[in-house]
Amino acid sequence: MPRRHIRVTGAPEAPLRAALTALRTELDIDETFPPEVLAEAERAARDPVLPVEDATDVPLFTIDPPTSTDLDQAMHLSRQGTGYRVRYAIADVAAFVEPGTALDAETHRRVMTLYFPDTRIPLHPAVLSEGAASLLPGQTRPAVLWTIDLDAEGRPLAVDVRRSLVRSRAKLDYAAVQKEIEEGTAEEPLALLAEIGRLREALEVDRGGISLNVPEQEIVQRNGGYELSFRAPLPAEGWNAQISLLTGMAAADLMLSSGTGVLRTLPAAPDGAVGRLRRTAHALHIDWPHHVSYAQLVRSLDPSVPHHAAFLQECTTLLRGAGYTVFRDGDLPDIVTHSAVAAPYAHCTAPLRRLADRFASSLCLAAAAGGPPPEWVLSAMDALPKEMADGSRRAGTVERSCVDIVEAAVLEGRVGEVFDAYVVDVDERRPGVGTVQLESPAVIGRVESENGALPLGERLRVRLTQADPVAAKVRFAPA
């Protein structure tokens, strides 16, 4: 599932980057690891628990942003009869993190990698996340290797998962992959990414699922100020995400069959949240007829169009109700599905960046082998939903604070200017306080009126009264 991507360029001493550094201090974000954790990580990197099975003959490849070195997944795609075979290797973090150690405790404290526009704060020390545990090309690594056979329409026929030694052959990036596929120069294992990805996208439509092609926001320093632009995701990014979704769905089915697991669940969005999105669509001049569903609208949008991109950013608010649900001994929970996936789903493909994935992988391995779940998983899994919820809230605070800082930086120096906007939300207890979406730039901010209730869903001319990156505040008043 997407998060809001924001990337900032510029020198470390630039005002915006200085504000982001101050934010990390304010939120008490540890950018370094304790010495005992680093020492344990170094030892684990030298002496991991290696699997017996050898799958280094499978010519896997990774697809990631060009600067990424924390590589969670590698794949190989082939034809299998009239269908396909997906081999998907996931970094085996459990081979390096021993339960009960200082390193293990630190991952439970951090929960997930935190992303800032100018840097990231990793879940694991770099010696593991960017070294010994990462599926870097030309390196033999322990992995959780999924083999998923699909029929001609992309539906799973058979699933197998086991620990194996693997070796990635190449580190590819999205732009190069897209170019090779479009030009017809990609070899079959890579060319099949488009073929399988499109089949899985069609199945997603059939079951009512939604994938948000959330664009990346880039903040560029120019002419003494900051400008905001969007980078639309490439189709190859969506096809790659479909392989991850396929694996997460297979993992959920495996755990449900075994009676013990950890799922990523999301109830259907409440009407109020969808109503707010309708007002945002109106503010951004996006036609959303009442007979058109949210899923249909999202699929019709083009993330390369700025006002569509801004709306897709706001669509991520419907994912805020997602959580982690654990169950054991066949006692299944009331909700086992993720409404955006429109199927049972589990996080298992990003263990270098998310704590829960290590648990899900271990449970899937036990289920596939027909054995009992590991005791370290059983003893810790009941606390996992709260840990992940706390970690998600922290990541959400980071994201919202970063967005506030970035938007304030974009508008800094324009206090007093008047903008065309739409009122997309009003405080029920204080109808003179609400939220506006500017037509341009695509900024959302707080508006306060001293002269009565705000016109919800209506156009409103507003004057910028505050834009302070240091305080991370953008404020407007009716003009």
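The structure is a predicted model, in which local features need pLDDT of at least 70 and side-chain atom pairs count only at pLDDT 80 or more, whereas totals for chains, interfaces and linings use all residues. Residues are numbered from 1 along each chain as its sequence is written, and side-chain values use heavy atoms, with hydrogens and water left out. The protein chain contains 13 helices and 17 strands; helices (H or I, at least four residues) and strands (E, at least two) are DSSP runs, numbered from the N terminus. Across the whole structure, 30 salt bridges are found.

**Overall form**

- The protein chain has a radius of gyration of 23 Å, which agrees with the value near 23 Å that a compact globule of 479 residues would have. The radius is taken over C-alpha atoms, and the globule rule is 2.2 Å times the number of residues to the power 0.38.
- Along the principal axes, the C-alpha atoms of the protein chain fill a box of roughly 70 × 55 × 50 Å.
- Of the 479 residues in the protein chain, 52% are buried. Buried means under 20% relative accessible area, exposed means over 50%, and partly exposed lies in between (1.4 Å probe, protein chains only).
- The protein chain exposes about 20800 Å², of which carbon and sulfur atoms supply 50%. Accessible areas come from the Shrake-Rupley method with a 1.4 Å probe, and for residues only the protein chains shown count as cover.
- Among contacts between residues at least 6 apart in sequence, 71% join residues at least 24 apart. Contact means heavy atoms within 4.5 Å.

**Salt bridges**

- Side chains of opposite charge can pair when their charged atoms come close. A salt bridge is a side-chain nitrogen of Lys or Arg within 4 Å of a carboxyl oxygen of Asp or Glu.
- Glu53 and Arg162 form a salt bridge with an N to O distance of 3.3 Å. Because Glu53 lies in the loop between α2 (35–46) and β2 (60–63) and Arg162 in strand β8 (residues 156–172), the pair ties together parts that are 109 residues apart in sequence. Glu53 is partly exposed at 35% relative accessible area, and Arg162 is partly exposed at 37%.
- Arg109 pairs with Glu106 in a salt bridge whose closest N and O atoms are 2.7 Å apart. Arg109 and Glu106 are 3 residues apart in helix α3 (residues 102–110), which means that about one helical turn separates them. Glu106 is buried, at 6% relative accessible area, whereas Arg109 is partly exposed, at 41%.
- Glu183 and Lys179 meet in a salt bridge of 3.1 Å, N to O. Both residues belong to helix α5 (residues 174–183) and are 4 residues apart, about one turn of the helix. Glu183 is partly exposed, with a relative accessible area of 48%, and Lys179 is partly exposed, with a value of 48%.
- A network of salt bridges with shared partners joins Asp64, Asp70, Asp72, Arg120, Glu130 and Arg353.

**Loop residues and their surroundings**

- Val58 is located in the loop between α2 and β2 and is buried at 10% relative accessibility. Beyond residues up to four places away in sequence, Val58 touches His76, Arg87, Arg167 and Arg169. Val58 and Met75 are 17 residues apart in sequence, with their C-alpha atoms 9.1 Å apart.
- Thr337 occupies the loop between β12 (323–327) and α11 (355–369) and is partly exposed at 34% relative accessibility. Apart from neighbours within four places in sequence, Thr337 is in contact with Thr265, Leu266, Ala343 and Pro344. The C-alpha atoms of Thr337 and Thr325, 12 residues apart along the chain, are separated by 10.0 Å.

**Positive phi angles**

- Val111, although not a glycine, has a positive phi of about 75°. Val111 lies in the loop between α3 and β5 (114–116) and is buried at 3% relative accessibility.
- Ala472 has a positive phi near 55° and is likewise a residue other than glycine. Ala472 is found in the loop between β16 (459–468) and β17 (473–478).
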